Amino acid sequence: MISSLRGMNDILSDDYERFTYFIEIATNVAKRYGFHFIETPLLEETALFKRSVGESSDIVGKEMYQFIDKGENDVCLRPEGTAGVVRAFVQKKLDRAGGLHRFFYHGAMFRYERPQKGRLRQFHQFGVESFGEASVHEDATMIMMVSDILKTLGIGYRLQLNSLGDENCMPQYRTSLIKFIESMEDKICEDCQRRKTTNPIRVLDCKNQACQEIYKNAPKLVDNLCDGCSNDFTKLKKILENNEILYEIDTNLVRGLDYYSKTAFEFVSDNIGSQSAIAGGGRYDKLVEFLDGRATPAVGFAIGIERLMELIIMPENARNGYYIGAMDTEAIDIVVELAQKKRKTEKTVIDYKVKNLQNHLKAADKVNAKYCAVIGSHEMKNKTVWIKNLEDKTEQIVEVKNF
Ligand code: HAM
């Protein structure tokens, strides 16, 4: 038997119901905030992710599904959605059009990670990207959108917040952090020693407990912000407080993608185990320029759908539509005809197997139908259909021509 690849799941039945329920709610929220749907390809040039997500990131360094296609192009399956949306934004010359451009998307992402609970190699994200707004109000709006989606789904969360500074304050901070790392070089793990040269701020997010103890004394990003970044961060916190969004400052939150500056945030859940991040995002004001577009401020987020699906409790599903079946072989043709007629307006599930009434009622219950309609030899003779309302348990007999 051929099985699906490790870390790649089928989505069907109840999972599919939860999946589409989530997409519907998130889409409604995104539309209410004035965002428009965008679909970008699953396959892109590898260079796109190297230049945006960053060569030093784990995603690009270790986790890409990368290959040379038949035309000798170096391509890879997208590990995330932001880079493709920015590429489309520049390619469609929207950077030159000016104004605000707000997009949402959902779809499969691919990362060759070590699979475990909540960590897949093919997973799905719902994301939004907003272009053209430099004000920190838009950062707050992103956070409020995620919060709205989670609240609608009845999912609790903790919001972690940090500011990563910008080109004015980050270089100076990086220098003082490198100095600190060098003073501790013999005590930190090999990965951190490597990060010191590739991307020093990533050490702050090291999963090694001994390293974390050491970094408690490291200089903090939030204490080294320039006036502009510091004022924006203060304002962001104020807007969130005014809108009753609780947050925690996590000075070690640096995110696993290199394109961020200023605001960085993550929504975490305490109920899904170690892979606790259910959404992440932040500001990326330099990325459009980095991908050859005209300088455009931007901010966005993505929600991990599989992790959320663990937490979604579906509302009680109301019975709906018809189940229709035959109690006599002779009745099958008319049952098919009636099902076809009913489907013009109602969900109608048919069972071609001839069964007794008891078994048809059981089958109707299983598909959550509101009505169970059956035709047997008696109904054939009288040109009628026997119908039971499975909600209020009432029964009726109607003429076939009135069904
Ligand atoms: P990210 O933090 O890499 O950000 O991913 C966003 C979310 O996707 C995570 O919080 C997590 O829920 C989910 N996720 C990530 N990797 C996996 C995995 N291997 N298995 C299951 N779920 C996973 C981004 O991707 C950015 N593009 C977000 C963004 C949009 N920033 C600005 N705009």
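Me: Before we look at single residues, what does "partly exposed" mean?

Reply: A residue counts as buried under 20% relative accessible area and as exposed over 50%, with partly exposed in between. Keep in mind that this is a predicted model. Tyrosine 112, at a relative accessible area of 42%, is therefore partly exposed.

Me: Is tyrosine 65 buried or exposed?

Reply: Tyrosine 65 has 19% relative accessibility, so this residue counts as buried.

Me: Let's turn to ring pairs. How many aromatic pairs are there?

Reply: Ring centres must lie within 6.5 Å for a pair, and planes over 60 degrees apart make it edge-to-face. The count here is 14 aromatic pairs. Take tyrosine 65 and tyrosine 112: with centres 5.5 Å apart and planes at 70°, the two rings are edge-to-face. This pair joins distant parts of the chain, 47 residues apart. Tyrosine 65 belongs to the loop between helix H3 and strand S3, while tyrosine 112 belongs to the loop between strand S5 and strand S6.

Me: Why is the pair of phenylalanine 265 and phenylalanine 267 edge-to-face?

Reply: Because their planes stand at 90°, with the ring centres 6.1 Å apart. Phenylalanine 265 is buried at 0% relative accessibility, and phenylalanine 267 is buried with a relative accessible area of 0%.

Me: What sits over the ring of tyrosine 112?

Reply: That is the charged end of arginine 121, 3.8 Å from the ring centre. In another case, lysine 342 has its charged end over the ring of phenylalanine 403, 4.8 Å from the centre.

Me: Lysine 342 is in a helix, I think. Which residues of helix H13 are buried?

Reply: In H13 (residues 332-342), they are Ile334, Val335, Leu338, Ala339 and Lys342. Looking down the helix axis, you find these buried residues within an arc of 140°, so they line one face. Asp333 and Glu337 are exposed on the other side. The cover over the buried residues includes strand S12, strand S14 and helix H15.

Me: And how do I read a sheet?

Reply: Strands of a sheet pair through backbone hydrogen bonds, in either a parallel or an antiparallel way. Here, 8 strands make an open sheet with mixed pairing, in the order S1-S5-S6-S11-S10-S9-S7-S8.

Me: Which strand pairs with S9 over 6 bridges?

Reply: Strand S10 (residues 277-283) does, in the antiparallel sense. For example, glutamate 266 has glycine 280 of S10 as its bridge partner.

How values were computed: Residues are numbered from 1 along each chain as its sequence is written. This is a predicted model: local features need pLDDT of at least 70, side-chain atom pairs count only at pLDDT 80 or more; totals for chains, interfaces and linings use all residues. Side-chain values use heavy atoms; hydrogens and water are left out. Rings of Phe, Tyr and Trp (its six-membered ring) pair if their centres lie within 6.5 Å; planes under 30 degrees apart count as stacked, over 60 as edge-to-face and the rest as tilted. Helices (H or I, at least four residues) and strands (E, at least two) are DSSP runs, numbered from the N terminus. Buried means under 20% relative accessible area, exposed over 50%, partly exposed in between (1.4 Å probe, protein chains only). A charge sits over a ring if NZ of Lys or CZ of Arg is within 6 Å of the ring centre and within 35 degrees of the ring normal. The arc is that of the directions from the helix axis to the C-beta atoms. Contact means heavy atoms within 4.5 Å. Two strands pair if DSSP finds at least two bridges between them.
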